[in-house]
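Welcome! Here are a few exercises to work through with the structure open beside you, each followed by a worked solution.

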Amino acid sequence: MKIAVFVYSQSGQAYDVAKSIFCEAQEGDLEVVFKTIVPEQDYPFPWDKYTFFDTFPETRLGIPPSGIKPIDTSDIEDADIVGIVGQSWFLSPSLPLQSFFADQQIKGYLKGRKIVFVNVCRNMWLMTAKWVKNYLSEIDAMLVGHIVLQDEAPNLISAATIVRWLINGKKEGNAFLPSAGISPKDISEARKFGVIIRDFCEAQTTDFRPRRKSDKTLSISLSPQATDLQSKLLSAGAIHYKPSILHIEKIGHRMFGLWAKFIRKKGGFRAPQRRNRVYLFYAYLVFVLFFISPFVQLLFYLTYPLHKRSYEL
């Protein structure tokens, strides 16, 4: 049996998560093969401030400026399950992930397969999850597992530490701020999800025999034990649901759409004509994040009992 795992990681954090989860699944006759997603467009790390925010319009509107470098899938055609590990940018899948999903070869490869998506993010993942779910449905792939590893620090603190890491390359904590990103403890404990995925693979009977070279249809018979992978992942803590953050994300996603269109009117990716609008968005985001969102969260908690049911997953 085999698991194919596609990973995009700038800082190495997503790759550490992928190894923690899927290497734990590798036992006995179960093989795990990692494939690195390499975008044709280079994205620097650490970022300079302008370049980072200049990726915002294309990220939010789903217009990746380039594709990905070819990935050899000849050794994973017989994979029983596919893991995809990546991150969110600006409340959407990162541009490299969007380029990966847009690739025609990848669309053909994923068609009909069972997918586990792992989002390594700050704390806002809902819109990315919806995007990925809709995409997989459109290409007739099956999302059987969703795992979120997020920064568990309070919203404003995690925002400050992630900016310090992305722009200045400083991940370590200091006297005032904790370390940025997913804690080493959470990454290590993610191994428990690998055990659940391994059990899922072992519980199913898979007949992967393409009828012809162009036909990659999977003939799969799932045992009763293999049909509740996501519920077992959730029971193990695969998603830490934060209603107030979800509320802010929903509002932010709508506003980001308006801002993205506003900036794009001055030109496409890296067009110098839109520089002033990009900086204007940056100022808006800082103001909203640090001065408005605390009051939005407070109001949300004060009124939460009135609309609790609408925020149940």
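**Exercise 1.** How many helices and strands does the protein chain have?

*Solution.* Start with the ground rules: this is a predicted model, where local features need pLDDT of at least 70 and side-chain atom pairs count only at pLDDT 80 or more, while totals for chains, interfaces and linings use all residues. Residues are numbered from 1 along each chain as its sequence is written, and side-chain values use heavy atoms, with hydrogens and water left out.

Next, the count: there are twelve helices and nine strands in the protein chain. Here helices (H or I, at least four residues) and strands (E, at least two) are DSSP runs, numbered from the N terminus.

Finally, the overall picture. Of the 313 residues in the protein chain, 50% are buried; buried means under 20% relative accessible area, exposed over 50%, and partly exposed in between, with a 1.4 Å probe and protein chains only.

**Exercise 2.** Find the largest pocket: what is its volume, and which element gives the largest share of its lining?

*Solution.* First, the terms. On a 1 Å grid over the protein atoms alone, a pocket is an open set of points with protein on both sides within 12 Å along at least five of seven lines, a cavity is a set where a 1.4 Å probe fits but cannot get out, and lining residues have an atom within 4 Å of a point. Grid points are joined across faces, edges and corners, and a volume is the space filled by probe spheres set on the points.

Now the answer: the largest pocket has a volume of about 1100 Å³. Among its 45 lining residues, Phe-52, Phe-90, Arg-122, Ile-162 and Leu-166 are the closest to the centre. Helix α12 supplies the largest share of the lining, ten residues.

Then sort the lining by class: 33 residues are nonpolar, ten polar and two charged. In this scheme Ala, Val, Leu, Ile, Met, Phe, Trp, Tyr, Cys and Pro count as nonpolar, Asp, Glu, Lys and Arg as charged, and the others, Gly among them, as polar.

**Exercise 3.** Which residues line the largest cavity?

*Solution.* Begin with the search, which finds one cavity of 30 Å³ or more in the whole structure. The largest cavity has a volume of about 50 Å³. Around it you will find Asn-123, Trp-125, Leu-126, Gln-150, His-240, Lys-242, Ile-245, Leu-246 and Glu-249. Helix α11 (residues 243-264) gives the most to this lining, with three residues.

**Exercise 4.** Is Ser-158 buried or exposed, and which side chain does it join in a polar contact?

*Solution.* Locate Ser-158 in helix α7. Its relative accessible area is 0%, so Ser-158 is buried. The side chains of Ser-158 and Arg-122 are joined by a polar contact of 2.7 Å. Such a contact is a pair of N or O atoms within 3.5 Å; within protein, one must be able to donate a hydrogen and the other to accept it, and residues adjacent in sequence count only if both atoms are side-chain atoms.

**Exercise 5.** Where is Ile-68 found, and which residues does Ile-68 touch?

*Solution.* Look in the loop between α3 (56-61) and β3 (81-86) for Ile-68. With 6% relative accessibility, Ile-68 counts as buried. Not counting residues up to four places away in sequence, Ile-68 touches several residues, including Ile-37, Pro-96 and Phe-100; contact means heavy atoms within 4.5 Å. Although Ile-68 and Phe-100 are 32 residues apart along the chain, 6.1 Å separates their C-alpha atoms.
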